[in-house]
Amino acid sequence: MSTREIRVYKDLMGANEKWAGATRTLLSDQDVVMLNLIGSPGAGKTSLLEAMTPHLSKQARFAVLEGDIETTRDAERLDRLGVPVSQLLSGGACHLEARLVNQALTDFPLRDLDLVFVENVGNMVCPAEFDIGEKAKIAVLSITEGEDKPLKYPLLFREARAVVLTKTDLLPYLEFDLPACRRNIAQIDASLPVFEVSAMTGEGVPAFADWVINTPQTVL
Ligand SMILES: Nc1nc2c(ncn2[C@@H]2O[C@H](COP(=O)(O)OP(=O)(O)OP(=O)(O)O)[C@@H](O)[C@H]2O)c(=O)[nH]1
Ligand SMILES: [Mg+2]
């Protein structure tokens, strides 16, 4: 009688949940809040972090974990501003997994930090499905992507605790319907705060940074 082998791989999400849980415990023990920025490639996530840095660094001690498929380019951008930063390479995956984030966090001096931002791999879909142990997910949507995106990719907007609408300096040049975009976001979750920002002009950046700093952890 011949035998045949069937390999079964399971519980991948379960393993991810365990690492996410370990991270949550690690961060709450050290009283550090971690925010997971999620948005399409080029939505302006790194630019938002760069623009927030002068304002945030006056009020909080923060570090950044940069998620990408390849290169250390984004980490280099934050490093140039003096922000403590590590680059996480996803190995081709479209999202960061909790284990990699946990490993990187254990190398940070968490005792000296109040906040950690994770810039997830540029993607509006996959990262929203994965818990990495963050306190809150933040949706980053640029106005160049179109006002219909919250309706077409609702999971991110269901999971997020806030939305940052980026590149508002381009509003005069686009047919982007801002009120419709706000209505579409509200259709997914009417309680979501929406911040309109331009990393280029700096408009709206302090308001979002203040929200990050002043929002009680219990609300996030
Ligand atoms: N006009 C304008 N352009 C912006 C703004 N923010 C970012 N950009 C431009 O958008 C492009 C992408 O910006 P990034 O900050 O690299 O976007 P990202 O979301 O970090 O991209 P990935 O990490 O590759 O997913 C760059 O050319 C930026 O200069 C903005 O507020 N206004
Ligand atoms: Mg980036």
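How many residues surround ligand 1, and which are the closest? In this predicted model, 18 residues surround ligand 1, and the closest are Lys 45, Thr 46, Ser 47, Asp 169 and Ala 199. A residue is near a molecule if one of its heavy atoms lies within 4 Å of it. Residues are numbered from 1 along each chain as its sequence is written, and ligands are numbered from 1 in the order in which they are written. Local features need pLDDT of at least 70, side-chain atom pairs count only at pLDDT 80 or more, and totals for chains, interfaces and linings use all residues, while side-chain values use heavy atoms, without hydrogens and water.

An oxygen atom of ligand 1 lies 2.8 Å from an N or O atom in the side chain of Thr 46. Backbone N or O atoms also approach oxygen atoms of ligand 1: that of Gly 42 at 3.0 Å and that of Ala 43 at 3.1 Å. Taken alone, ligand 1 exposes 650 Å², of which the protein buries 72% (accessible areas by the Shrake-Rupley method with a 1.4 Å probe). Helix 2 (45-57) gives three residues, the largest share of the shell.

We turn now to strand 2. Seven of the seven residues of strand 2 (residues 62-68) are buried, that is, under 20% relative accessible area with a 1.4 Å probe, protein chains only. Strand 2 runs parallel to strand 4 (residues 115-119), joined by five bridges, and Leu 65 stands opposite Val 118. Five bridges also pair strand 2 with strand 3 (residues 85-89) in the parallel sense; here Gly 67 has Leu 88 as its bridge partner.

Key. A polar contact is a pair of N or O atoms within 3.5 Å; within protein, one must be able to donate a hydrogen and the other to accept it, and residues adjacent in sequence count only if both atoms are side-chain atoms. Helices (H or I, at least four residues) and strands (E, at least two) are DSSP runs, numbered from the N terminus. Buried means under 20% relative accessible area, exposed over 50%, partly exposed in between (1.4 Å probe, protein chains only). Two strands pair if DSSP finds at least two bridges between them.
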